[in-house]
Amino acid sequence: MSTPVEFVNSASSGSERIERHKGIDRLFHWVTALAVLVLMGTGLLPIVGIKFAWVTIHWIAGMVLAASVLFHLLRSVFWQSLRALWISAADFENQHSGKYSLAQKLVHHAMTLMVLCAVCTGLMMLAKVNTPFWTRDPYLLPAHTWGIIYVMHGIAALSAVTLVMIHIYFGVIPENRMYLRAMIRGCVTKQEWVSR
């Protein structure tokens, strides 16, 4: 499946460029990235012995991530084409059959599962935290249910470390730098698009 592309003339160079990510999508990406990095830091650093007041920072970053995910979900369903991320037979025949490669689609799906698991279990765990909005209730669920929630949240956190490392690595290697630039500037050149 081929995705239609729009070429725009760059005023500075006169070269044709393709818009890959709208500004709102780039903002979502970087807000989500920052929230995930803060969550990983505040959730994992105390485990390795670095002690600080992490709970409030963690749950606030978690709420930012949850709001960001909700926004992205609504935007994806109502204003974007979900088909751009569907995996089809064409993805196995042609490495670049549409806007996203098979590898990009697979990483997106893995990140989606990890983030949804982390957000859902994290929202449940908020019942055990005092916030300005509610008083903690650690007895909301039975102990064995809390155990399952904590294990799932931990698996999501460890998956996040792996997926973020993979995501950053493939974003900075030379042959993929156009994707990193596109996530910053929004577009790629026509030559980069054709030669990918």
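**View 1. Tyr169 and its ring partner Phe170.** Tyr169 is partly exposed at 49% relative accessibility, and Phe170 is partly exposed too, at 44% (buried is under 20% relative accessible area, exposed over 50%, partly exposed in between, with a 1.4 Å probe and protein chains only). Their rings sit edge-to-face, 4.9 Å centre to centre and 80° between the planes (rings of Phe, Tyr and Trp, the last by its six-membered ring, pair with centres within 6.5 Å; planes under 30 degrees apart are stacked, over 60 edge-to-face, the rest tilted). This is a predicted model, where local features need pLDDT of at least 70 and side-chain atom pairs 80 or more, while totals for chains, interfaces and linings use all residues. Numbering runs from 1 along each chain as its sequence is written, and side-chain values use heavy atoms, leaving out hydrogens and water.

View 2. Trp59 belongs to helix α2 and Phe133 to the loop between α4 and α5, 74 residues apart (helices are DSSP runs of H or I, at least four residues; strands are runs of E, at least two; both are numbered from the N terminus). Trp59 is buried at 12% relative accessibility, whereas Phe133 is exposed at 64%. Ring pairs bring Trp134 into a cluster with these two.

View 3. Look for 7 helices and 3 strands, running β-β-α-α-α-α-α-α-β-α from the N terminus. Of the 196 residues, 32% are buried.
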